Amino acid sequence: MARSHHYEVMVSWTGETRSYRSYERAHEVTAAGKAPIAGSSDPAFRGDPARWNPEELLVASLSQCHMLWFLHLCAADGVVVTGYTDAPTGVMVEAADGGGAFEEVVLRPRVTLADPAQVGQLPGLHERAHRLCYIARSVNFPVRHEPA
């Protein structure tokens, strides 16, 4: 039987939108019991480069989901991972009407194993993690992975 999970966050902004050039893009993303995320728009859209933008958070979500599934599958299969990093990238293209869409996200996980002899199992584990990732299954653009 399918289980349903619900997620609640609060996005808060205050300011005045008197003109496109002058209004503040800074906002906060909060959820009960968690530290706030300082958000803004992409600097290309007059945002604060010191704050997270939605596009970065989407790329990070895809990376996190893949990593968490991968680690779960490794633990279940007896593959001991001692280190994991990823340097994902995403490409978003603006449309003539001002909107836009992601064309793709590429994950580049780098994994360290306790037993290097198990390296041959990693491609299959990455494939399974990709197929199971909730976020990757929810987007309408390709999510590729290039593990090493």
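**Close-up views of a predicted model**

**View 1. The salt bridge between Arg144 and Glu104.** Which residue forms a salt bridge with Arg144, with the closest N and O atoms 2.9 Å apart? The partner is Glu104. This pair links distant parts of the chain, for Arg144 belongs to strand β8 (residues 143–145) and Glu104 to strand β6 (residues 100–107). The two residues are 40 residues apart. Arg144 has a relative accessible area of 35% and is partly exposed. Glu104, at 23% relative accessibility, also counts as partly exposed, because the partly exposed class begins where the buried class, under 20%, ends.

**View 2. Arg144 and Glu146 within a network.** The side chain of Arg144 also meets that of Glu146 in a salt bridge, with an N to O distance of 2.9 Å. Glu146 is partly exposed, its relative accessible area being 31%. Which residues make up the network of salt bridges shown here? Glu104, Arg108, Arg144 and Glu146 are linked in it. A search of the whole structure finds six salt bridges.

**View 3. The centre of the largest pocket.** The largest pocket in the model has a volume of about 850 Å³. Its lining consists of 24 residues. Which of these residues lie nearest the centre of the pocket? They are Val9, Leu57, Ser61, Gln64 and Ile135.

**View 4. The elements and residue classes that line the largest pocket.** Strands β2 (27–30) and β3 (37–39) and helix α1 (54–77) each contribute at least two residues to the lining of the largest pocket. The largest share, nine residues, is supplied by α1.

Methods. Residues are numbered from 1 along each chain as its sequence is written. This is a predicted model: local features need pLDDT of at least 70, side-chain atom pairs count only at pLDDT 80 or more; totals for chains, interfaces and linings use all residues. Side-chain values use heavy atoms; hydrogens and water are left out. On a 1 Å grid over the protein atoms alone, a cavity is a set of points where a 1.4 Å probe fits but cannot get out, and a pocket is an open set with protein on both sides within 12 Å along at least five of seven lines; lining residues have an atom within 4 Å of a point. Grid points are joined across faces, edges and corners, and a volume is the space filled by probe spheres set on the points. Helices (H or I, at least four residues) and strands (E, at least two) are DSSP runs, numbered from the N terminus. A salt bridge is a side-chain nitrogen of Lys or Arg within 4 Å of a carboxyl oxygen of Asp or Glu. Buried means under 20% relative accessible area, exposed over 50%, partly exposed in between (1.4 Å probe, protein chains only).
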